[in-house]
Every structure is written in C-alpha cells, then in structure tokens.
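Trainee: I'd like to learn how to read a fold. Could you walk me through this one, feature by feature?

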Amino acid sequence: MSVSFLVLLGLIGLALMLSARRREDGHGVVGDRDAVTIEELARSGSDLSRPHRIEFFLYVPSRTAADELAGELRAQGLAVEVQRETDGQDWLCLASLDMLPELGLLHNWRARLTAMAEARDGVYDGWGTEVLE
C-alpha cells in the first residue's frame with residue numbers, strides 16, 4: 001500500500017471520529033439528538049405528518065423521586081409508567097404522549113424534562129417512537 005493511501009485512510013477515520021464526537025456532545029445541527037432521531041424516522045419511511053406515540057425516558061435514583069416525577073409528568077398530560085431499571089440501580093419513568101414529531105416541540109419537551117429529572121438528581125435520556133407509514 002502506498003503512503004498516500006494510508007494517509008487518506010487515516011484522514012477519513014479522523015473525520016468519522018470527529019463527526020461521531022459532535023453527535024455525542026450535542027454541538028451543531030449534526031449533534032442535535034432530536035433532529036437526528038427525526039431524520040432517522042424520515043429515512044425509515046415514517047409519515048411525520050401523523051401524530052406518533054413519543055416515549056420519553058427519565059431515570060431517577062429512588063422510588064420516591066420516581067413517584068414524585070410521575071405525578072408531575074401526569075399533571076402535564078403525559079401517560080407514565082414507573083419501573084425499576086433493568087440493572088436495578090435507578091427507576092425509570094417512561095412517559096408517553098401522542099404528538100407530531102416536530103423539532104421545536106421536541107426541543108421544548110427536552111428542556112422541560114431535563115429540568116424535571118435533574119431537580120431529582122436524575123437524567124432525561126431522550127425519546128423514541130415507532131415508524132408510522
């Protein structure tokens with residue numbers, strides 16, 4: 001193999017690594033988790049003009065915090081299930097809402113849910129939904 005080919009291969013690898021790092025740390029449009037998820041839905045053939053059942057994942061360290069958070073989520077119109085996380089460490093509040101997967105709406109929910117989880121020493125871990133054709 002020529003040296004120039006190896007250098008080119010190395011530069012491609014570096015570019016991919018930096019691109020992945022931008023996605024992980026949330027900088028720029030590429031790193032916007034909500035935008036990336038919407039793009040993945042569109043690529044999968046989901047009809048973004050139809051309401052989707054959006055599931056939001058919030059984790060808190062105790063059952064008391066989970067029950068308190070669930071009450072606040074329900075007061076904001078979300079359906080909520082509380083369950084022990086699979087590794088047994090934290091409690092999951094799985095909140096869901098039927099809504100259009102629109103970026104502005106999801107950014108607003110991200111800000112609200114992050115604040116609610118962090119107020120209880122927890123984390124908001126994003127959202128997901130099924131593809132609707």
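Trainee: Where does Asp121 lie?

Mentor: Asp121 sits in the loop between helix H4 (103-118) and strand E4 (123-128). Helices (H or I, at least four residues) and strands (E, at least two) are DSSP runs, numbered from the N terminus. Before we go on: this is a predicted model, where local features need pLDDT of at least 70, side-chain atom pairs count only at pLDDT 80 or more, and totals for chains, interfaces and linings use all residues. Residues are numbered from 1 along each chain as its sequence is written, and side-chain values use heavy atoms, with hydrogens and water left out.

Trainee: Is Asp121 buried or exposed?

Mentor: Buried means under 20% relative accessible area, exposed over 50%, and partly exposed in between (1.4 Å probe, protein chains only). Asp121 counts as exposed because its relative accessibility is 71%. Its phi is near 60°, a positive value in a residue other than glycine.

Trainee: Now the sheet. In what order do the four strands come?

Mentor: Strands of a sheet pair through backbone hydrogen bonds, either parallel or antiparallel. Two strands count as paired if DSSP finds at least two bridges between them. Here the four strands form an open sheet in the order E2-E3-E1-E4, with antiparallel pairing. Strand E2 (79-84) and E4 stand at the edges with a single partner strand each, so one side of each has no neighbour in the sheet.

Trainee: How many bridges join strand E1 to strand E3?

Mentor: Nine bridges join E1 (residues 52-60) to E3 (residues 91-99); one to find is Ile54, whose bridge partner in E3 is Leu97. E1 is also joined to E4, by four bridges, and Glu55 stands opposite Gly128 in E4. E2 and E3 pair over six bridges, and Glu81 has Leu94 in E3 as its bridge partner.

Trainee: At what angle do helices H2 and H4 pack?

Mentor: Two packed helices are described by the angle between their axes and the distance between the axes. Axes are lines fitted to C-alpha atoms, for helices over the stretch in contact, and angles run from 0 to 180 degrees between N-to-C directions. Helix H2 (residues 33-43) and H4 pack at about 135°, with their axes 9 Å apart. That makes H2 oblique to H4: under 35 degrees counts as roughly parallel, over 145 as roughly antiparallel, 65 to 115 as roughly perpendicular and the rest as oblique.

Trainee: Which residues meet there?

Mentor: Arg33, Asp34, Ala35 and Ile38 in H2 meet Leu103, Leu106, His107 and Arg110 in H4, where contact means heavy atoms within 4.5 Å.
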